[in-house]
Amino acid sequence: MKKLNLLALSAVIILVAACGGNKEKHELCYALEKGGTYTQKMKMDMNMNQGSQSVGVAMTCGFTFNITNAEGDNFTADVSFNDIEMSMSSPMGDIKFSSKDGDGSNNPQMPFSVSSVFKAMTTGHFTMTMSKYGELKSVSGINEMVDGVVASLDIPAEYAAQAGEMMKQNFSDEKMKDQLKNMYIYPSHPVAIGESWTSDISTGEGNVKTTYTLKEVNDATVIIDLTSDVSSSQNGVSLKGTQTGSMTIAKSTGWTKEANLKQDLKGQVSGMDITAKTTITITE
């Protein structure tokens, strides 16, 4: 009887090991075609609270990526802005800027229209190179794009110099490289459903440590869940917290079809508690 029990137990162990060892592995990566065009729109809504005051900021930015080179494990893209919108709601009032609409601020102290700057940016472009796993190799052409935007503004020279400096503080090769680092999502090895991998991305404004988990693979799409520890420091405000979300990826190209992320950050400024809740939506 003991021998039969041992044989049965051994059979179960072998069966479990076989089932566990035969999980299908999937290589997750970008497979973009030279000459192909891919789009991405990011929408960010943030609500920041400090004491009894609340400030809401919303920004939408659309990109077009034209793949100019696809050799080996790297892709080079010519990137342009499709549209840019930003709005802010605060106790001081509401303002809105858009590359498509008029400048909603009506601020007579502004020597130029922010919306006209956004509109001029949609005529520019820059170049980026990344690996098939999304690792950003280089970004170039942002400074030249900013110079072209400033040159197109119908404003006095002294204001043009001021506008150029202001834009380069927010738009530069390094700043854009930081923004595009979120494309670096894929592991360098095949993974099975349920398996996880991590990334640790630092920028000039903070750090994001993310754990990705392969949730589902079907004929057309791949679904990836993620959780992150986020720290951010901008304009004297330091925040820490978490990010959670899910991404739907086109299986054939590795391109993000849809992503929904939520951030919940907390910190202090001038001795007062501050919270920031943000939703980020990315679509094709």
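**Close-up views of a predicted model**

**Figure 1. Buried residues of helix α5.** In α5, the buried residues are Asp-173, Met-176, Asp-178 and Leu-180. The model shown here and in the following views is predicted. The buried residues of α5 pack against the strands β4 (74-90), β6 (125-131), β7 (136-140) and β9 (196-203), and against the helix α3 (142-152).

Figure 2. The structure contains eight aromatic pairs. Tyr-30 belongs to the loop between β1 (25-26) and β2, and Tyr-186 to the loop between α5 (173-180) and β8 (191-192), so the pair ties together parts that are 156 residues apart in sequence. Tyr-30 has a relative accessible area of 4% and is therefore buried. Tyr-186 is buried as well, because its relative accessible area is 5%.

**Figure 3. The rings of Phe-65 and Trp-255.** The ring centres of Phe-65 and Trp-255 are 5.2 Å apart and the planes stand at 70 degrees, so this pair is edge-to-face. Distant parts of the chain are linked by the pair: Phe-65 lies in strand β3 (residues 53-71), whereas Trp-255 lies in the loop between β12 (237-250) and β13 (256-269), 190 residues apart. Both Phe-65 and Trp-255 are buried. Together with Tyr-30, Tyr-38, Phe-63, Phe-81, Phe-126 and Tyr-186, they form one aromatic cluster.

**Figure 4. The surroundings of Gln-40.** Gln-40 is part of strand β2 (residues 37-50). The relative accessibility of Gln-40 is 13%, so this residue counts as buried, the cut-off being under 20%. Leaving aside residues up to four places away in sequence, Gln-40 touches Phe-65 and Trp-255, and also Cys-61, Gly-62, Phe-63, Thr-256, Ile-282, Thr-283 and Glu-284.

**Figure 5. Nonpolar cores and the contacts of Ile-224.** In soluble globular proteins, nonpolar side chains tend to be buried together. The largest nonpolar core of this model has 58 residues, and those with the most contacts inside it are Phe-81, Met-121, Met-128 and Ile-224. Residues up to four places away in sequence not being counted, Ile-224 touches Leu-28, Tyr-186, Trp-197, Tyr-212, Thr-213, Leu-214, Lys-215, Gly-245, Ser-246, Met-247 and Ile-249. Another core, of seven residues, lies apart from the largest one; among its members are Leu-239, Leu-265, Val-269 and Ile-274.

Conventions. Residues numbered from 1 in each chain as written. Predicted model: local features only at pLDDT ≥ 70, side-chain atom pairs only at ≥ 80, totals over all residues. Heavy atoms only, no water. Helix = DSSP H or I, 4+ residues; strand = E, 2+ residues; numbered from the N terminus. Buried < 20%, exposed > 50% of the residue type's maximum accessible area, 1.4 Å probe, protein only. Contact = heavy atoms within 4.5 Å. Phe/Tyr/Trp six-rings, centres within 6.5 Å; stacked < 30°, edge-to-face > 60°. Core = buried A, V, L, I, M, F, W, Y, C linked by side-chain atoms within 4.5 Å.
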